[in-house]
Amino acid sequence: MLNDIFNNIAKCRYCDRSFCFDVTENKSSRRGLASSISATCKYCGSSHGSMTSNSVPAGYEVNLRFVYGMRCIGIGKSAAQTFCALMNLPPPPAKFERLYTPIFNALETASSRSMMNSKIWVKADVEKEERAPF
Ligand SMILES: [Zn+2]
């Protein structure tokens, strides 16, 4: 599918040819749901690769979001493995449970910020009410 997209919209920047790319996944570089893909020009051999997800301090964003999503609907690693198999996705991150801590930390930070913002808004509303009660 990616082969078709690349070949229909892109030209090789080195040899200026069209319909020249072989798009492949390097399965040994998979990290959970993040894959490594590369496009190689059949004519000049130039190649460019990239992971399919942004890297974040805890790993790859797609894995963090996947684990968070699974946890939000009450699903753990075993059910996530079944889900990925049935959806024909790569297996979920092997270190599924290790992503709980960074997710918890991010949620804690977000909830603290939200509470601080609420506190500021309530304080501003109270002060406004005190200045002009009606
Ligand atoms: Zn080329």
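**Strand pairs, core and exposed turns**

Q: Which residues is Thr 40 in contact with, leaving aside its neighbours within four places in sequence?
A: Thr 40 is in contact with Phe 21, Asp 22, Gly 45 and Ser 47. The model is predicted. A contact here needs C-beta atoms within 7 Å.

Q: What makes Thr 40 count as partly exposed?
A: Thr 40 has 16 C-beta neighbours inside 10 Å. Buried needs 20 or more, and exposed needs 12 or fewer. The value 16 falls in between, so Thr 40 is partly exposed.

Q: Where is Thr 40 found, and what stands opposite it in β3?
A: Thr 40 is in strand β2. Opposite it in β3 is Ser 47. Cys 20 is 20 residues away along the chain, yet its C-alpha atom is separated from that of Thr 40 by 8.0 Å.

Q: What makes β2 and β3 count as a pair?
A: Strand β2 (residues 36-41) and β3 share 5 bridges. Pairing takes at least two bridges, so these strands pair. The sense is antiparallel. One of the bridges joins Ala 39 to His 48 in β3.

Q: How do you know that β1 and β2 pair?
A: The same test applies. β1 and β2 have 5 bridges, and the cut-off is at least two, so they pair. Their sense is antiparallel. Glu 25 has Ile 37 in β2 as its bridge partner.

Q: What is the strand order of the open sheet?
A: The order is β1-β2-β3, with antiparallel pairing.

Q: Why do β1 and β3 stand at the edges?
A: β1 and β3 (47-51) each have a single partner strand, so one side of each has no neighbour in the sheet. Neighbouring strands are turned by 15 degrees against each other on average, direction ignored.

Q: What lies between β2 and β3 in the hairpin?
A: The hairpin has 5 residues between its strands. Gly 45 sits in the turn, with a positive phi of about 80 degrees.

Q: Which strands does α1 lie across?
A: α1 lies across β1 and β2. Its direction is at about 150 degrees to β1.

Q: What makes phi of Asp 16 worth a look?
A: Most residues other than glycine have a negative phi. Phi of Asp 16 is near 65 degrees, which is positive. Asp 16 sits in the loop between α1 (2-9) and β1 (21-25).

Q: Is Asp 16 buried or exposed, and why?
A: Asp 16 has 10 C-beta neighbours inside 10 Å. Exposed means 12 or fewer, so Asp 16 is exposed.

Q: Where does Asn 88 lie, and what is its phi?
A: Asn 88 is in the loop between α3 (77-86) and α4 (100-131). Its phi is near 60 degrees, a positive value in a residue other than glycine.

Q: Why is Asn 88 called exposed?
A: Asn 88 has 6 other C-beta atoms within 10 Å. The limit is 12 or fewer, so Asn 88 is exposed.

Q: Which residues make up the largest nonpolar core?
A: This core has 10 residues: Leu 33, Ala 34, Tyr 60, Val 62, Leu 64, Phe 66, Val 67, Ala 80, Phe 96 and Leu 99. Helix α2 (residues 61-72) gives the largest share, 4 residues.

Q: What is Tyr 60 in contact with, leaving aside its neighbours within four places in sequence?
A: The list is Arg 31, Gly 32, Ala 34, Met 51, Ser 53 and Ser 55. Among them, Ala 34 is also a core residue.

Q: How does the radius of gyration of the chain stand against that of a compact globule?
A: A compact globule of 134 residues would have a value near 14 Å. The chain has 23 Å. The C-alpha trace spans about 75 × 40 × 25 Å along its principal axes. Buried residues make up 13% of the chain.

Q: What share of the contacts with a separation of 6 or more is between residues 24 or more positions apart?
A: That share is 43%.

Q: How many helices and strands are in the chain, and in what order do they run?
A: There are 4 helices and 5 strands. From the N terminus, they run α-β-β-β-β-β-α-α-α.

Q: What does UniProt place at residues 2-119?
A: An unreviewed UniProt entry places the feature "domain: Mutator-like transposase" there. Over residues 2-119 the chain is 42% helix and 17% strand. The end C-alpha atoms of that stretch are 49 Å apart.

Technical notes: Residues are numbered from 1 along each chain as its sequence is written. This is a predicted model: local features need pLDDT of at least 70, side-chain atom pairs count only at pLDDT 80 or more; totals for chains, interfaces and linings use all residues. UniProt positions are given in the numbering used here, feature names are shortened, and annotations may be inferred rather than shown by experiment. A nonpolar core is a set of buried Ala, Val, Leu, Ile, Met, Phe, Trp, Tyr and Cys residues joined through C-beta atoms within 7 Å. Two residues are in contact if their C-beta atoms, placed from the backbone, lie within 7 Å. The radius of gyration is taken over C-alpha atoms; the globule rule is 2.2 Å times the number of residues to the power 0.38. Axes are lines fitted to C-alpha atoms, for helices over the stretch in contact, and angles run from 0 to 180 degrees between N-to-C directions.
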